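I set out to look up the overall build of this model, the side on which its chains meet, and a few single residues. My entries follow in the order in which I made them.

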Amino acid sequence: MAYRYRLGVDAGGTFTDFVLSVRGGDVRLYKTPSTPQDPTLALKAGLNLISADIGEPVPDIIAACDLCINGTTVGLNALLQHKGAKTGLICTAGHEDSIEIRLGHKEDGYRYDAEYPPAKMLAERYLRVPVRERIVIDGSIHTPMNEADVRAACELFRREKVEAVAISFVWSVMNPVHERRAAEIVAEMLPDVFLSVGSEVYPQVREYTRTSTAVVNAYLGPILEKYVRRIDGYFRELGAQHPVRYFQSNGGLAEGQVLSARAVYAINSGPASAPQAGLYLTEPMGQRNVITVDMGGTSFDITLTYQGATNVTRNMDFLRYRIGVPMIQVESLGAGGGSIAWIDDFGLLNVGPQSAGAVPGPACYGKGGTAPTVSDANIMLGYLSPDGLLGGTFGLDRKAAEKAIKDKIATPLGLSVERAAHGIFTIVNTNMVNGIRRVSVEKGFDPRDFVLVGAGGATAAHITSLAREIGIKRVLIPKLASGFCAFGQIIADVKHNYLATRPMRLEADAPVEDIEARFNKLEQHARAQLHGDGFKDRDIKLIRSMDMRYAGQVHECTVDIATFKIDAKSIEKVKTAFHAKHQQLFTYSEPNSLVEIVNLEVQAVGKMPKPTPPATPKGSRNPPAAASRGTRKLVLEASGRSTVTPIYDGSKLKAGNKIKGPAVIEEPTTTILITPGWVAELDEHATYILNDVA
Amino acid sequence: MAKTASKPAKKPAPKQVAAKKPVARKAAKPVVVDPITLSVVRGVLETTQREMTLTLEQTARSSVFNLAHDYSNAIFDHLPEMVIQGQDIPIHLGSLIPAMKTVAKFFGDDIAPGDVIYHNDPAYSGSHIVDCCMYKPVFYDGELAFWTVCKGHVTDIGGPVPAGYNPNATEIYAEGLRIPPVKLWDKGKRREDVINFMLTNMRARSDQEGDLNAQFGACTVGERNLIALLDKYGMPTVRACIEELKRMADRHMRSLIASVQDGVYHGSAVVEDAGHGFGDLEIKATVTIIGDTCNIAISSPPQIPYFINSYAGNSMSGVYLGLMMFAQVPPPYNEGLYRCVTTDLGPMGTLCNAREPAPHVNCTTTPMETLTDAVRLAFEQAAPERVLASWGHANGLNVAGKNPRRNGDDYVTMVLATIISGAGATSKLDGWHACGPLCCFGALTSGDVELLEYSYPVVIHRYGLMTDSGGAGYFRGGSGTAWEVEPIGHDMTAIMFGEGRRIPAMGAAGAVSVYTDRKVGRLEVNRGGVREVVTKNSIITIKPGERVTNMNPGGGGYGNPKQRPIEAVLRDVRDRIVSIEAARDEYGVIIDPATARVDMAATHKLRGAA
């Protein structure tokens, strides 16, 4: 049976986006307010919108979907608001504090801050129970496990009504026997608790990272379990033919039960689909170097993909918690339409990271906000229509914006409102450019080699300025920009990561066949899982990678390698790949130095058929007269001088139409500012291509 | 003259800022800087400093650089005054300023594009000889515009003891290689002869060479970004912006100082005799506040033939850290902050203003942390509500031996996990656990237990917090840490340094502790069940099957512990951060061990009596 639809649902903090791809090429975006207390309410509202729009009952639509895909922020929100499960930790005696010591470091930026608190403990100290046991580096048992200690821990957890238990022992990656036995005891004594075992969740070297990852996984597990049960049930009742797939922060899909067992993979899934959506747009143009930027109300998210491979973080702090498992690297900063402009102790203008949020929101929302924000500046500069957003259904109060900027910024700095507004625009752009530098320049990539893809509702007013500042010559903005992540999810593949460790110095007689054996084992697991998911071998792709470094270094770099048999001869190829990677990242390599392997990983991808891209009717070079919305005065210069600028209605533009900057294109869910020197063209797949022709 | 102590007023920024005098040679009239450009220039400087730091961290070979973050990067202007420094190690905060000036003066006009200068000598305002610093002048249109500067702690600097900490040295000559300012690159040409001369004197040569390259990379990345900045805005505007940024910092610090009542304030702290036999040594600080200016004067006893003397450059860091504990200024930092502050380190030849040939390698922790305490105590007299309690001092361990897993090769390392002490409480918060020592203020990073066991032939049996180690107070001091290790298959040499084994970290605003012996550091050796406590710096051999535990002091408390909320004490007892007996004797809270409940009546009675 040929399915007619694919549905992606991205439940964000404020809005839930629905993207419906129709077989044959139409892609539609719908938005409803999120309902975190009961996510099925937003689902219901969104499905009703879709049903009304296409004139088909909801169950018929669902039954005709080959996949329903859900992106969720429940994990993120639980971690952000510290509303996860009550969590206990069973750990090696003497090491119960590693997640509280956090390697002894206080985050930069707060060195002399007397009011910056330590990170809140997800497993409090009295619920971190030491167990007498010790495995050492070669996997041998230094001290056998004291089972009575494990049982005592369970008694405590029962008394304290603990909902989730993490188990993490030192060197369990070299020999998980103690962790497994402890897990058996916990499962027997506390059958209802969620269990998270270090050597299963993150089987790689680094005790602190592994313990922290296992604890975060436990903390979120029960929350995800409950959520998945609800969503799965809802779609099943509507007659869904397939299990719902969930989007993970590794950039791939997984079924609900897999996701809830590995809840830590759900942590930052929202923005993690942007790279795939970006590649989907750029690959037909022969471009595989993509930076995506997504500016919403409060934050600005950046991802980078080089030659089709997206930057991935491992062993990084996320919301102050160390997470080992691979996540698509998303650099987030507090720069959005709602970011507040303020003057600091030194008398300098700053923008963000504080945000006016959705309530009261920017002053121009007219909901009582008095703080000047980026949106207020944009309306004063003429970039946003005074008629409001969402096709005029959401009005904006220009007077309130003017007053906020005048009182809080312009008057104290002795500037005109226009100059102050342009200052806010410039500063927030500088912040965003510095963020882009962090994922590009600081990782050894030259941003000039990339295409910039704009996502999110607020981005398009800033994007040509950002591109100019960092030297990017081509920018893409899909009409679906404000639902970009939901779109990314419907084109995603199923993805699982399988991790292992095998520290080894690659000396002449190193037992490298061991590496091959470990990879084989991981790959067996991977195939079995994907076969179970219904994938045939031809749709399965396995990617091997190793974390490697020069002996004596502590930072590894991850080297992707093709799948070939690793032996004494082929290991030289691996070394060569490592030297090349080191050169790329750090500008030099040491071909004569001893190399060591630390961790291994297999990424397993189950390829999904891709929906057809949306189509735009063709037109000529010049936009049709009906697309004109007249002109508006825009402030495009720091001096505050204004320029009469043509305004276009994006919904009336045709493929092939070219528009020279300065100009503004108003789409229902985003506004594109084309600054002087840029030319925009709408392509046949509903994407604007902006080129710097200056 | 008494002023009203009010909160520092936020001063509106001037409308349009004209540089005080034309700074660029060619500019005939003042350059007008608008506040927007100023913010953008500040952002570029911050990003540039950050990219320098990242380059260093990612490419360095020695763990002290890439794991412990024991380095600092800064940018100076042509004067040379510090334009920006990162949030790196506070012990480098002050010393870079005099060091840069000394180096620039040493070469005078003999500076050309492509030069790179290296230096570590405390007699030329360096901190200690293991901190090696690189300076790269940045020219623009033939004119000196900036210096990019990168300082880091190298793992070895030659001399008789690996890693440089030689407790037996009576002179600096017996500590390691002194490097007075010297050019390593001359007009862009790498001076292989000089570099070879230098590296030949160091152990683990390839590591040292790798770190040198990493420093060069950091300075060059900084130079590249600064030239792009100058290309965009031009020299006159950039210079005017920098001068204005310094003036803003100056105004900010002045407003903080002006908020304190005029007067002369005293602080004093003792460096305990940690094994040298010269007795306890008292360091005094006198802070004189007049209007919006402040003078910090230090007096200390004569220098001693033991490695805890501090030369002037290093002592400046101690003074500035004490000042920052009062000022709590957020980043970024530039030299303008210190314009209203004058300093007197006392006569040459004293502990805190040492003269050649005083031995000094331990100086960045001892006596600098005590010097910092003295300064912060003087400020506590001036502004108790702003001051932070003292942090635990560094009481650390270096370990060395022959690694049986690596064919008996020598290994040696400073164990950073052994100096992670407790932070002091503030007027708002309990002190952070495991965040010290004082001289690093949270900037260090200790290694993962598995990574350490992979690199060195040891089993780490404990790296955890210690009950009752945080100073008692309304806000409790952070807990110190214990690090317990057993060597595998070889005899391990454990080398002790630092202090903080008898005198606990001082509290603030009336904090008092009863169980002071639990707040301090010590070393415990366990041989077949026989426990030996060591409090004097010693070198000890540990055999397989034996264990050694290094314990670090906790941080000081803030305010009266008898007023600490009862539920906070109960939570600490529940979490084994505070024992039941300390809850009673330090906090006046009586908890029944059987039920873990507070006896409210007895508690109120006890607290009422206090």
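**Conventions.** I note that this is a predicted model, in which local features need pLDDT of at least 70 and side-chain atom pairs count only at pLDDT 80 or more, while totals for chains, interfaces and linings use all residues. Residues are numbered from 1 along each chain as its sequence is written, and chains are lettered from A and ligands numbered from 1 in the order in which they are written.

**Chain B, overall.** I counted 12 helices and 24 strands in chain B; these are DSSP runs numbered from the N terminus, helices being H or I with at least four residues and strands E with at least two. The radius of gyration of chain B, taken over C-alpha atoms, is 25 Å, close to the 25 Å that the globule rule gives for 610 residues, so chain B is as compact as a globular protein of that length. That rule is 2.2 Å times the number of residues to the power 0.38. Along its principal axes, the C-alpha trace of chain B spans about 80 × 70 × 40 Å.

**Domains.** I found chain B divided into domain 1 (27–250), domain 2 (388–561) and domain 3 (565–610), with bounds from an automatic or database domain assignment. The C-alpha centres of domain 1 and domain 3 of chain B lie 52 Å apart.

**Interface.** I looked up contacts, meaning C-beta atoms, placed from the backbone, within 7 Å: 68 residues of chain B are in contact with 57 residues of chain A. On the chain B side, H1(B) gives the most, with 12 residues.

**Core.** I then asked which residues touch the most other members of the largest nonpolar core. They are A:Val165 and A:Ile424, in a core of 387 residues. Such a core is a set of buried Ala, Val, Leu, Ile, Met, Phe, Trp, Tyr and Cys residues joined through C-beta atoms within 7 Å. A residue is buried if 20 or more other C-beta atoms lie within 10 Å of its own, exposed if 12 or fewer, and partly exposed in between. Helix H8 (residues 207–237) of chain A gives the most to this core, with 13 residues. Leaving out residues up to four places away in sequence, I list among the residues that A:Val165 touches A:Gly88, A:Phe157 and A:Ala218.

**A:Ala309.** I placed A:Ala309 in strand E15 (residues 309–310) of chain A. A:Ala309 counts as partly exposed because it has 13 C-beta neighbours inside 10 Å.

How values were computed:
Contact = placed C-beta atoms within 7 Å.
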